[in-house]
Structure formats: C-alpha cells, structure tokens
Amino acid sequence: IGRAVTEAEQTLAPSHHQTVRALHLRSQVHRMRGRAQEASADADRILPIVRGRIDASDDGPYDLVILLAHRAQLSMDLGAHADGEKFALECVAVAEARLPESEPERVSCAMVLALAYRHAGKFDLGLASAENAYRQTLVAFGTDKPHRRKIEARVIYGRALADHGELARGLAEIEAAVAESRA
C-alpha cells in the first residue's frame, strides 16, 4: 500500500480520488498494525478533502462517515477520548442527515459513538447510544438471521448495560450474542 501512496502522490494531485483512497487504506493498515499515530496522520491529511467532497458525488457522505468512524476509533486507540467523541458525533450527524436509515454505515457510526461514550466514562449516553446502535442493526440487517454487525452491536449494548449497573441484562445480551455467533 505504501507503493500505491507514493505513486499516487507522484503522479496525481494530493486531492485526487485515488490519492485520497490510497491514504485512507494506508491509514487503516497502520491502525490494524497498531500504528495509531501514523494512521491518524494519514486520516487527518485527507479528512478536510473528504469533508469538502460531501456534495460532489453520491458517495461523498458515505466516504465521509467511513473516515469519521475510522478517525473516532483512532482517537480512542490513542486515549484521546474527547476527540473520539467529537469525530463519532460528527459521524452520526452526517449519517443521520445524509444516509438512508437502512444503510449499514449508519450502524457503524452509532456503534462508534457508543464506544466513544463508554471510553469517556459517559455511561448514560453510552447506554442510549448502544441501544440505538443495536436497534439500527435490526433495521439494516433484519431480525431473521444472525449477522456479524448485529452480534457486534449486541455485545456493545450488553457492555453498556453492565457499565450502567444492569449486570444481569448486560450478561444476557452478551450471552445471546455468543449464541448468535455460534449459529
């Protein structure tokens, strides 16, 4: 991916779609490899460009919410919980305003906001967000069969319940998620 970034930077404009895409992919790879600082640098470099393109195509809002969710997770990885919350809130705002209710990326934004609140110790807000995220997965993926995003959202919801002092309900949700994952 580093070679793709280098070639894009040398042959295309810094704001060219392929350059931005290569930097975003490299940022994701850096995060997966535990290099949050490098990942943040790439994400921060392209974020203003992607924000500026929100109305340029049908993919504009979609691209922005994916990058904002990624940036929120990076902030949490770095312990910058206020930044994580800020990016997650922007992600939710853009997703709710610009994406259909059944769009899976809306679920991603709702889940990352629940996690941001949890990391910030805002357990009341975290519970409300986690419950909302889980409800959104049911809209996006249906109720009839298991889906990894529903399972993930259910675990987040279970943890939020436990954080909120509802241990039995939280454990029941986590156990249900485990049963779904086995199915």
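The model is predicted, and the chain has nine helices and zero strands.

**Overall architecture**

- Reading along the sequence gives you the pattern α-α-α-α-α-α-α-α-α, in keeping with a count of nine helices and zero strands.
- Taken along the principal axes, the box filled by the C-alpha atoms is roughly 55 × 30 × 30 Å.
- If you look at contacts with a separation of 6 or more, 54% of them join residues 24 or more positions apart.

**Surface, burial and charge**

- Of the 183 residues in the chain, 42% count as buried.
- The chain exposes about 9500 Å², and carbon and sulfur atoms supply 51% of that area.
- There are 24 positive and 26 negative side chains, and the centres of these two sets lie 4 Å apart.

**His 70, in helix α4**

- You will find His 70 in helix α4, which covers residues 60-77.
- His 70 has a relative accessible area of 6%, so this residue is buried, given that buried means under 20%.
- The side chain of His 70 makes a polar contact with the side chain of Ser 27, at 2.7 Å.
- Ser 27 is also listed among the residues that His 70 touches beyond four places in sequence, together with His 24, Gln 28, Arg 31 and Ala 43.

**Gly 126, in helix α7**

- Gly 126 belongs to helix α7, which runs over residues 123-141.
- With a relative accessibility of 4%, Gly 126 counts as buried.
- Setting aside neighbours within four places in sequence, Gly 126 is in contact with Ala 114, Tyr 117 and Ala 160.
- For a sense of distance, take Ala 43, one of the residues touched by His 70: Gly 126 and Ala 43 are 25 Å apart, C-alpha to C-alpha, and 83 residues apart in sequence.

**Glu 166, between α8 and α9**

- Glu 166 sits in the loop between α8 (148-163) and α9 (167-182).
- The relative accessibility of Glu 166 is 24%, so this residue counts as partly exposed; that class lies between the 20% limit for buried and the 50% limit for exposed.
- The side chain of Glu 166 makes a polar contact with the side chain of His 164, at 3.4 Å.
- Not counting residues up to four places away in sequence, Glu 166 touches Leu 127 and Leu 161.
- Leu 78 is 88 residues from Glu 166 along the chain, and 29 Å separates their C-alpha atoms.

**Pro 14 and Leu 12, between α1 and α2**

- Pro 14 lies in the loop between α1 (2-11) and α2 (17-32), and Leu 12 also has its place in the loop between α1 and α2.
- Pro 14 counts as exposed at 57% relative accessibility, whereas Leu 12 counts as partly exposed at 29%.
- Beyond four places in sequence, Pro 14 touches Thr 19, Val 20 and Ile 49.
- Pro 14 and Lys 122 are 108 residues apart in sequence, with 38 Å between their C-alpha atoms.
- Leu 12 and Gly 34 are 22 residues apart in sequence, and their C-alpha atoms are 29 Å apart in space.

How values were computed
Residues are numbered from 1 along each chain as its sequence is written. This is a predicted model: local features need pLDDT of at least 70, side-chain atom pairs count only at pLDDT 80 or more; totals for chains, interfaces and linings use all residues. Side-chain values use heavy atoms; hydrogens and water are left out. Helices (H or I, at least four residues) and strands (E, at least two) are DSSP runs, numbered from the N terminus. Buried means under 20% relative accessible area, exposed over 50%, partly exposed in between (1.4 Å probe, protein chains only). Contact means heavy atoms within 4.5 Å. Accessible areas come from the Shrake-Rupley method with a 1.4 Å probe; for residues, only the protein chains shown count as cover. Lys and Arg count as positive and Asp and Glu as negative; His and the chain ends are not counted. The place of a charge is taken as NZ of Lys, CZ of Arg, CG of Asp or CD of Glu. A polar contact is a pair of N or O atoms within 3.5 Å; within protein, one must be able to donate a hydrogen and the other to accept it, and residues adjacent in sequence count only if both atoms are side-chain atoms.
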